[in-house]
Amino acid sequence: PLTGPKQMFERAYKEGYAIGAFNVNNMEIIQGIMQAAGEEQAPLILQVSAGARKYAGQNYIVKLIEAALMDTDLPVVLHLDHGQDFNICKDCIDGGFTSVMYDGSHLPYEENIAVTKQVVEYAHARGVWVEAELGQLAGVEDEVSAEHSVYTDPDQAVDFVKRTGCDSLAIAIGTSHGAYKFTGEAKLDFARLEKITNMLPGYPLVLHGASSVPQEFVDMANTYGGKVGGAKGVPEDLLRKAATYGVCKINIDTDIRLAMTATIRKHFMEKPADFDPRAYLKPARDAVKNMVQHKIRNVLGCSNKI
Ligand code: G3H
Ligand code: 13P
Ligand code: ZN
Ligand code: NA
């Protein structure tokens with residue numbers, strides 16, 4: 001059934017694992033993720049970005065997820081990813097989402113607090129969870145050029161949570177969105193994560209930009225005509241380590257895109273006469289399923305936690 005993340009995070013926090021939050025845009029992605037979580041008996045967060053909402057339409061996404069839930073007892077959170085203003089959060093809350101993210105991380109601190117509070121007030125009156133964000137995820141260029149750290153300040157995180165009443169907090173400790181996360185060595189600021197965890201005991205933290213960018217998919221895409229050279233993600237052992245701190249939710253989108261696209265590229269090159277979409281979407285869906293199953297079992301550690 002659809003559920004909020006409260007119990008999921010409480011147990012994940014205590015036992016030192018993380019729940020996977022996977023971005024969904026269409027039927028094949030939803031089915032691949034649901035199959036993986038079903039086989040692993042894993043709790044699950046399906047998240048929808050503004051772009052996904054625009055691509056598929058909110059009703060389609062919600063109804064696809066409802067359809068998926070007719071065949072399973074798995075607990076699933078329906079979450080808005082990176083809500084950019086109050087109105088999109090409101091639309092999703094009104095539309096049956098059990099969790100929303102308001103992302104005011106780009107705003108001046110007091111403005112981020114003000115809008116986050118507004119979302120919290122609306123959401124909590126309706127039993128909906130609110131994730132907020134503090135600090136900026138460093139892109140490859142930011143990391144090089146930023147004079148001051150845009151990573152989350154631990155003291156500010158405590159103040160932010162206290163003043164907004166948000167239920168979980170996305171923090172910046174070195175991850176970034178997309179397939180090009182690090183130019184040199186991949187590293188996360190674990191000293192900062194430890195400090196934030198200690199200063200907010202029991203409080204669930206969220207890691208965005210947490211795809212690993214598996215080399216096998218990069219190689220496969222490049223072998224079959226793609227151009228994704230130099231892509232680099234967060235090593236899986238660092239994600240597993242982050243889950244032993246306050247991190248309870250780990251966001252993954254890029255790895256889904258890579259798995260699907262690499263698989264479809266391969267199919268197109270190997271079977272150029274095929275033009276039935278089912279012929280290439282089926283292996284693409286299987287690739288999503290296998291990738292997600294691997295994450296759940298070997299990286300997030302949330303198999304058999306329902
Ligand atoms: O954080 C961003 C997610 O990967 C969603 O990406 O806005 O292109 O749908 P999108
Ligand atoms: P990736 O680009 O690393 O998959 O991050 C996804 C994300 O943070 C969605 O909010
Ligand atoms: Zn994100
Ligand atoms: Na944790």
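This is a predicted model: local features need pLDDT of at least 70, side-chain atom pairs count only at pLDDT 80 or more; totals for chains, interfaces and linings use all residues.
Start by selecting Thr223, which sits in helix α10 (residues 215–223); helices here are DSSP runs of H or I with at least four residues, strands are runs of E with at least two, and both are numbered from the N terminus. Thr223 is exposed, with a relative accessible area of 53% (exposed means over 50%, buried under 20%, partly exposed in between, using a 1.4 Å probe and protein chains only).

Residues are numbered from 1 along each chain as its sequence is written, chains are lettered from A and ligands numbered from 1 in the order in which they are written, and side-chain values use heavy atoms, leaving out hydrogens and water.

Next, show the strands. You'll find a closed barrel of 8 strands, running from β1 in order to β8 with parallel pairing (two strands pair if DSSP finds at least two bridges between them). On average, neighbouring strands of this sheet are turned by 25 degrees against each other, direction ignored.

Zoom in on β4 (residues 99–102) and β5 (residues 129–134): they run parallel and are joined by 4 bridges. Pick Met101 and you'll see Glu131 of β5 opposite. Helix α8 (residues 154–164) packs on the sheet here, touching β5 and β6 (168–171); contact means heavy atoms within 4.5 Å. The direction of α8 makes about 150 degrees with that of β5 (axes are lines fitted to C-alpha atoms, for helices over the stretch in contact, and angles run from 0 to 180 degrees between N-to-C directions).

To see who meets whom, select residues of α6 including Tyr109, Ile113 and Val120, and residues of α8 including Phe160 and Arg163.

Now for α11 (residues 236–243): colour its buried residues, Leu238, Leu239, Ala242 and Ala243. Seen down the helix axis, they fall within an arc of 140 degrees, so they line one face of α11 (the arc is that of the directions from the helix axis to the C-beta atoms). Their cover includes α9 (190–199), β7 (205–207), β8 (247–252) and α13 (277–300).

Last stop: Tyr60, in helix α4 (residues 58–69). Tyr60 is exposed, at a relative accessible area of 62%.
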